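The following exercises concern contacts between chains and the relation between copies. Each task is followed by a solution in steps.

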Protein chains: 6
Amino acid sequence: MTVTCFGELLLRLSPPDRHLLVQASSLDLVVGGAEANVASALAALGHDVRFAGVISDNPLGDRALAALRGSGIDTRHLARAAGRMGLYFLEAGSGPRPAAITYDRAGSAFALARPEMIDFAAALAGARLLHCGGITPALGPGGVALARAAQAAARAAGVPICFDGNYRAQLWAAWDSDPAAILRELVADATILIGNHRDISLLLGQSFSGEGEGRRREAAEAAFAAFPNLQLIASTARHLVTSDHHRISARVDARTDSHQTDEIDVTGIIDRIGSGDAFAAGVLDGWLMDGDLAAMAGRGLALAALKHSIAGDMCPVSRAMLDDFSARAGDVRR
Amino acid sequence: MTVTCFGELLLRLSPPDRHLLVQASSLDLVVGGAEANVASALAALGHDVRFAGVISDNPLGDRALAALRGSGIDTRHLARAAGRMGLYFLEAGSGPRPAAITYDRAGSAFALARPEMIDFAAALAGARLLHCGGITPALGPGGVALARAAQAAARAAGVPICFDGNYRAQLWAAWDSDPAAILRELVADATILIGNHRDISLLLGQSFSGEGEGRRREAAEAAFAAFPNLQLIASTARHLVTSDHHRISARVDARTDSHQTDEIDVTGIIDRIGSGDAFAAGVLDGWLMDGDLAAMAGRGLALAALKHSIAGDMCPVSRAMLDDFSARAGDVRR
Amino acid sequence: MTVTCFGELLLRLSPPDRHLLVQASSLDLVVGGAEANVASALAALGHDVRFAGVISDNPLGDRALAALRGSGIDTRHLARAAGRMGLYFLEAGSGPRPAAITYDRAGSAFALARPEMIDFAAALAGARLLHCGGITPALGPGGVALARAAQAAARAAGVPICFDGNYRAQLWAAWDSDPAAILRELVADATILIGNHRDISLLLGQSFSGEGEGRRREAAEAAFAAFPNLQLIASTARHLVTSDHHRISARVDARTDSHQTDEIDVTGIIDRIGSGDAFAAGVLDGWLMDGDLAAMAGRGLALAALKHSIAGDMCPVSRAMLDDFSARAGDVRR
Amino acid sequence: MTVTCFGELLLRLSPPDRHLLVQASSLDLVVGGAEANVASALAALGHDVRFAGVISDNPLGDRALAALRGSGIDTRHLARAAGRMGLYFLEAGSGPRPAAITYDRAGSAFALARPEMIDFAAALAGARLLHCGGITPALGPGGVALARAAQAAARAAGVPICFDGNYRAQLWAAWDSDPAAILRELVADATILIGNHRDISLLLGQSFSGEGEGRRREAAEAAFAAFPNLQLIASTARHLVTSDHHRISARVDARTDSHQTDEIDVTGIIDRIGSGDAFAAGVLDGWLMDGDLAAMAGRGLALAALKHSIAGDMCPVSRAMLDDFSARAGDVRR
Amino acid sequence: MTVTCFGELLLRLSPPDRHLLVQASSLDLVVGGAEANVASALAALGHDVRFAGVISDNPLGDRALAALRGSGIDTRHLARAAGRMGLYFLEAGSGPRPAAITYDRAGSAFALARPEMIDFAAALAGARLLHCGGITPALGPGGVALARAAQAAARAAGVPICFDGNYRAQLWAAWDSDPAAILRELVADATILIGNHRDISLLLGQSFSGEGEGRRREAAEAAFAAFPNLQLIASTARHLVTSDHHRISARVDARTDSHQTDEIDVTGIIDRIGSGDAFAAGVLDGWLMDGDLAAMAGRGLALAALKHSIAGDMCPVSRAMLDDFSARAGDVRR
Amino acid sequence: MTVTCFGELLLRLSPPDRHLLVQASSLDLVVGGAEANVASALAALGHDVRFAGVISDNPLGDRALAALRGSGIDTRHLARAAGRMGLYFLEAGSGPRPAAITYDRAGSAFALARPEMIDFAAALAGARLLHCGGITPALGPGGVALARAAQAAARAAGVPICFDGNYRAQLWAAWDSDPAAILRELVADATILIGNHRDISLLLGQSFSGEGEGRRREAAEAAFAAFPNLQLIASTARHLVTSDHHRISARVDARTDSHQTDEIDVTGIIDRIGSGDAFAAGVLDGWLMDGDLAAMAGRGLALAALKHSIAGDMCPVSRAMLDDFSARAGDVRR
């Protein structure tokens, strides 16, 4: 079964050894982007994955393309265009110092792309799912047009949509935008929403006063009421014990049912960037392979936890590693 | 006092920065092997150590030889032969992701060596101890012959034997073997056995139903009963709090006495490969220098704990570092 | 137009900074193999390329797979099997010190593969060419069977064959082989042969006494006479001025025509491994795109020359870089 | 407002990846020195900082100079002289293995400098503070003369002095010295003393029998009694939970008032060298900007805590990072 | 004597070991920019140098600032502003493969800066020279305004101007520009022009038909005729033997005199980026220190040649290294 | 046959990638020292080699010791003492920029050692040769005493002496010394002198006016006349074509005979430090193995040439590599 992912690819540049940028004489380079991270995690688990989008027609675009391909993703629907690659600079944190991201993605070839550059119909032909999300429309009017075009093509082809909220206030604030209205329109197409009660509050302009699971269920029910197409909502809750020790749990809500996992400890954190995308990929793996809520939440949680131990934005966890996952690490595997 | 160690040298190749192999564009190279690790730890403590074995007559063998020599080990009894060096690839783990080893040691020059390639009599002349163990015979019929030849030479020379169980199920499973019978035969020669109740269960085909220290003593007594030459059994117990935080204790059993240490916390783990060999070296240091059970258990525990903080398979801890050890790290030493 | 390549993938491990292995504390890792190098160079030029073969079902195999995929190669016909990946260790040379290779490829999953593990018919469906060569049969009887199966499938599908001589005396010497007879059988299927007068001498058991171009033509005519299917023979001549300064020329012989390039200087050599494979890829690019002898020789020479300036076994030269090639490097391209 | 710092610059050489020196094939190089660390932290916070001292007139001195300048420090009063740069070699610790420093600073250009090499009057013209401390006089009679000259110039210019105790027993023990007498003489000039009850005990030859805050206040009062010019005493208390998890608190005593912070957890420690200097810088930032005790103790504690997460001796924390500090790290800053 | 330089700072990101971007997993980071390179070379020679400009108020701007300061440059006139840092990606070439630059500098904080952000009058107070050039106006109308403002301030302050042609066709082509007219206007203010006959052709819309020195003198005389303020024209001629072996000569023309150096061989090239800026700095050093044409041409040639052996954009060559320069490298200096 | 080498071990610290020290954020660490380089080259060729000397009793001394041992040298006669290790900082050159060394070796444990710390009689027992040279006495009166003691022990034991001139003007200039007198006294003991006509001029206070081989023979004959024990004089002549291309030849003079090699080109130079020591080792290998002048000169030249292609001070060239040497590098060795 084929999954089509659509979004922007970014290059991440990060000082090694948790140095600050002001100290750096080299930067580690990896390729990421929310939807690409989901795509590569699904491909690592053995799914057929296509990636649709637009990247620069320069060597930086070549580098991004090689990363996607190296992950086993079908990139025939990834267009090339003049313009720059979006970049971001990450200073990894430690202890009392939080990680810090400096974005440099404005004016990218993707952000300036026109929908007709991408053959969405071909990219979606025979697909079981379109995965996209809230970053693309946040990039500006062009991004909104791209997001609409992708979703329209999915609707036309009868392909269900998974929409990852991924609300980025900074991006929306950079132009004269109405994020709630635009996101409502896009989420209205979705079968699956990745997002928690705060995302739903933002969409519906409504706050949820409860606590913990109750508030999450309340928010989910409000979303199901507002979006008739929506069948599933998946989210994580994260509690920071220290910057190197988090506790996370996962939850999937259906219209008439839900599944909430236990909270697990994540220690020895190497790189938490992309853990939300790994969660989304785990949820989708559960949806594609099993379809039950416990599998979706459990796979999402496992992949999210494992991502913390893996450098880079992407999560190249094999099916065997995922199946072996336990919240408490075992000993050396020989 | 001279100690002779005998076994296979391996090259370990490991992605830096806890990367996965699939992400690696370089691999860190160190030299190891259970008996070589013991040898180098003893040499670092100031003992005269000889290493007997067979390594490749190619540049990889040169590299292994340089590592042993650099540790201060007498390598005049290390033969060179055509064939490959055994390798293993280590993906260091973190948090929820356990370390994973991919072995590539089949068909090595050592595994294919004939006993007459090594002058065991010369290697053991005047030695106070032969250290060997359960990996060599697990390599196949050739390995069994090597192990028998080494131990026969020690018996002939009146040199006591320390045998480290190091049971490797994968290796035994790769050929038509009877590990318990072979290991029983070899352990029967030993004065010192490094191994816990599970090793003894395997040797004797007998399970020990108790808990904790009681079970360990029960197993030790069964081993003493089965192996009349055996005088000492040393073992550790390890409890994984997280993959980066272990708790370990050490125990030495004599025929009529035993010593059990407190459990200590080991945090900030850099590399736990070789910590069992460091334990063996610490036990032997206690045996060579003091002879009392508390010193053997305490030195073993200290060296094992320190090994977790040192990169590589080997444990180049000096006498001063060992003497300074405390279960709770002190401040910067200036 | 699709090209199918078939052969063994290898991991290359090499000390950085032209160090010797005996000095190394890390090794740079790249993926190569003669046919994979051709495949990746053709893919970098924009051709549709499939790779057929067998790699290990372990993380080293994953690494090799990611490299092929990252090059844009279709790996759906690359089977996975138990067993080890072939390795080789390269000490890059400099000045008076020649590069040195230590092979560690015996007993690989590929060398031990059975032909039925690979669906050659599917791998060749619709292909314009099969590229294979003389290393596979040199691996042993199993390799001979693989080579025969691949070529039989190509004959059955009417797909022309390019056979790269790549004579490896060490490999043939390691078993009871008749290389000339086996290679003659395989070359008999080929439309294109990559090989010079020494390769032809070996095949035909005949020496060519002339000098330079005359001898090369004489050898080519002998090969055309011996192999009725053969239409083209491509070869380079290399003259080592110093280890860092070579002079190379290229030549393509057809049955009734030939093209010989001028000799060009190659300086600033970073890595000459794979330059022969880059030559083959350039020749095939000329054959696929133009078909005339000058284009084949010229593209082959250009790609071979450029490869010397690129680290690794593979040659990721884009169409634009190839078109821009001149024997004398220009200034910085901005 | 300008601060003038005076002391020795050192080059720190440290094996990467927490390796031991005996394992090292490269060493990371940073520039430090207690007073230089304070200077650079103050400059990073936006203060005008001058550094007075003497460094070698060789490329190592150039390297040190570039580091100071890169931190934004005015180095016009840093003299150059023949002689060596002081070095120190740091083996970073982990878990049960404490960090270890091997000093190689004897006979440096600074230690051998004559006071007239430095134009202290110019370096202090218009300054709001002179920061110096107890390492300079510990270097030998020449160091004592330098320290006296610097403080005499400050007295002459009416510039208040902050003196950081930084008692180094090894240095004092290397020559025929009376550290208490010399330090008493120097502290007598100071308005601010960085030091705890142990430093004061040493100065006054008097022990303080209480516990915790009581003992600290008792010591402070004794110091205020002994040194009429002294207005402020700042100190930290550190509790080592493990080598990777410390708990620290800060305290500032005035003649009639004091402020004691809560103890905070510091985890994920990358490099604790220089955390005491960061504390001093934070205290001075509070003194320069606000003047109240709580600000001094809080800024000192925050800067000290953040330093543990930053590689190198220096602490390039910006005003914004300092203001954002919370004892519990927040999530990724985007 | 103080020199004020004005222009854009750029971050350069470059794969290590002459890798291609498509192969890179890390990028070396250095700071450059034509005028910054001149500034740092002059500072390394001991001149007082100020840098005026605008950089980002983010950590990348901090990094650039630290590099300038580390070079000993006075950065008090370098403004900070919202917006991105200009970047460029360099693939170093080798042998037949030329270096390739991918620019990513559009929309930088500098390109979008308004002249009033910079206090040019203060930056030029008491300066002996303003160094600027042709890249700033090529950035767009904003760049033209910046360039005009800087030169107007210099005229107002009576500070002579050195203008480095640095014609960048790509930048001028990116907007609706008339480069010749704009550059003519700016060069009209200059006392010194760094540029060869091609630059002058472009300025004057006139071609110079001669060969070698004759053509250069002809062009110089045309420029002197067209620009009454112009007193000196300095240029290099470069002949590429191979990409690793160039031959360069230097020339300085005055109104009534000229000096042409011999051509020298430059081999062992590590990094030729910035060699033109090093030339300019050498010319200016000669102008500032001696004033005679031979010194200007000789210093320019020496600094340009030395730059080829130094990694990075900048040229931290000390006065002693410059004085020691000989066209033929001597042996190891001890 | 055993060779005993005596001298100081040094740690060399060098910026990677031919960077300048002012640019360095890490330094590559290797171990060297003229006599240690000879020792390790002889050990790599299979000779039994002992090293006598004194190194620090700190981790830097441990590092030096591990390097010697890793080379296969018997270090039982290497004493440990308080004090520092001698260091030197190397900036590798390129093209027009010569390599530059900053020494930091004053006051080392070796320079301050007393002769009785070393058991020269034991170190020389049964040795075929003592190798020492002119650096030790240059270190000061203590070095002179060490050199005299070593040579006295050799005379007493009837062990021939090879003395490598290694004249270091800087070291002799640092104290009130009479180098010619001291060196004459020491050379008077030698059977073999490594040194050219300039060394002999210095020893004898006599200049040799001829050219090339004539002058060298004239100088040799003067030395033979002055030093009755002297039997052999070995030297190289080096001609720098560029910094990356040298031409070298070797010569050995006996009392009644001589052998002069052809001059060979050395290109692709990675590291020429230690090439003189490699020459000495090659000469001694010829002397130990064959004894004829042509073998001595040829082996010396070969090892010296190969050293240029090997990073570090030492020359780990195996017997096979030496035998394979040809002045023109061959192709890849597989």
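Two residues are in contact if their C-beta atoms, placed from the backbone, lie within 7 Å. The model is predicted: local features need pLDDT of at least 70, side-chain atom pairs count only at pLDDT 80 or more, and totals for chains, interfaces and linings use all residues. Residues are numbered from 1 along each chain as its sequence is written, while chains are lettered from A and ligands numbered from 1 in the order in which they are written.

**Exercise 1.** Determine how many residues of chain D are in contact with chain A, and which elements of chain D supply them.

Step 1. On the chain D side, 23 residues contact 20 residues of chain A.

Step 2. Helices (H or I, at least four residues) and strands (E, at least two) are DSSP runs, numbered from the N terminus. At least two residues of this side of chain D come from each of strand 14 (264-267) and helix 11 (293-307).

Step 3. Strand 14 of chain D gives the most, namely three residues.

Step 4. Ala, Val, Leu, Ile, Met, Phe, Trp, Tyr, Cys and Pro count as nonpolar, Asp, Glu, Lys and Arg as charged, and the others, Gly among them, as polar. The side of chain D that touches chain A then has 12 nonpolar, six polar and five charged residues.
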